Amino acid sequence: MGCITNLEIYAKENKVPIIQKEGLNFLIKYIKENNVKNILEIGSAIGYSSINMALASDDIQVTTIEKNEKMYNETIKNVKDFNLENRVNVIYGDALDTTIQGKYDLIFIDAAKAQYIKFFEKYKQNLQTNGAIITDNLNFHGLANHPEEIHSKNLKALVRKINNYKDFLIKNKEFHTIFYELGDGIAVSKYNKMD
Ligand code: SAH
Ligand code: MG
């Protein structure tokens, strides 16, 4: 039988960037309050967030995409340990090259931060009209708000990309986004009502 605490320990020991507790609690609350039944996740890592989301209610279905083979295998193993094979569908591949059919109540974007706009643009077609796209790590461990503290070129570029994504969300006419300063920074984007 699977154990959530063991997943947390594994993530810590292996430096796997699983969602923070506060962010996870927010996600679970959102799922319950909005009666979310099917979820698409970009970025499984070890399956920690997928498993937790699936456990929110036993009629929830999760599809999760992971491009790293080791991570994918880890997710498969963990999903099996929790006997969730029927409710968590793990897809091995790059989310930018994957085609997903069907509509989801919730799309959780939690993969390579530099690609966030691409993920958003690609997967919005899989969102139910009243669904939400939730994005994690918009504060990027606090760095996004303090770019002057970053010296590495790569990190600077990444922070710029995250800030571009935030800008993209703020200016987006099709979606309305609310930013939450909890966990590592979370955004909830929903279609603007056309009337
Ligand atoms: N959602 C997980 C954490 C994901 S960490 C949790 O909270 O438990 C981000 C993961 O996204 C990494 O495992 C990385 O390999 C994966 N990833 C990055 N870019 C991706 C892409 N283009 N397609 C699929 N997976 C990707
Ligand atoms: Mg994350």
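Predicted model: local features only at pLDDT ≥ 70, side-chain atom pairs only at ≥ 80, totals over all residues.

Visitor: Which protein donors does the magnesium ion (ligand 2) have?

Guide: The donor atoms lie 2.1 to 2.2 Å from the magnesium ion. Along the chain the donors follow the spacing D-x25-D-N. The residues that supply them are Asp110 (OD), Asp136 (OD) and Asn137 (OD1).

Visitor: How many residues apart are Asp110 and Asn137?

Guide: Asp110 sits in the loop between β4 and α5 (116–123). Asn137 sits in the loop between β5 and α6 (153–171). The pair links distant parts of the chain, and its separation is 27 residues.

Visitor: Is Asn137 buried or exposed?

Guide: Buried means under 20% relative accessible area. Asn137 has 9% relative accessibility, so Asn137 counts as buried.

Visitor: Which element gives the most residues to the largest nonpolar core?

Guide: The largest nonpolar core has 35 residues, and Ile31, Ile39 and Ile134 have the most contacts inside it. Several elements each supply at least two residues of this core, among them α1 (4–13), α2 (21–33), β4 (104–109) and β5 (127–135). With 6 residues, the element that gives the most is α2.

Visitor: How many residues does the second, separate core have?

Guide: Leu138, Tyr165, Phe168 and Ala187 are included in this second core. Its number of residues is 25.

Visitor: What is in contact with Ile31, leaving aside its neighbours within four places in sequence?

Guide: Ile31 is one of the residues with the most contacts inside the largest nonpolar core. With those sequence neighbours left aside, its contacts are Val36, Ile39, Met53, Ala56, Ile60 and Leu106.

Visitor: At what angle do α2 and α3 pack?

Guide: Two packed helices are described by the angle between their axes and the distance between the axes. For α2 and α3 the axes are 10 Å apart, and the crossing is right-handed. The contact is made by Lys21, Leu24, Leu27, Ile28 and Ile31 of α2 with Tyr48, Asn52 and Met53 of α3. The angle is about 35 degrees.

Visitor: Is Thr63 buried or exposed?

Guide: Thr63 is in strand β2 (residues 61–66). Leaving aside neighbours within four places in sequence, its contacts include Ile39, Leu40, Asn89 and Tyr104. Its relative accessibility is 9%, so Thr63 counts as buried.

How values were computed:
Residues numbered from 1 in each chain as written. Chains lettered and ligands numbered in written order. Heavy atoms only, no water. Core = buried A, V, L, I, M, F, W, Y, C linked by side-chain atoms within 4.5 Å. Buried < 20%, exposed > 50% of the residue type's maximum accessible area, 1.4 Å probe, protein only. Helix = DSSP H or I, 4+ residues; strand = E, 2+ residues; numbered from the N terminus. Contact = heavy atoms within 4.5 Å. Axes fitted to C-alpha atoms, helices over the stretch in contact; angles between N-to-C directions. Left-handed = near helix turned anticlockwise from the far one by under 90°. Donors = N, O, S within 2.8 Å, 3.2 Å for Na, K, Ca; no water.
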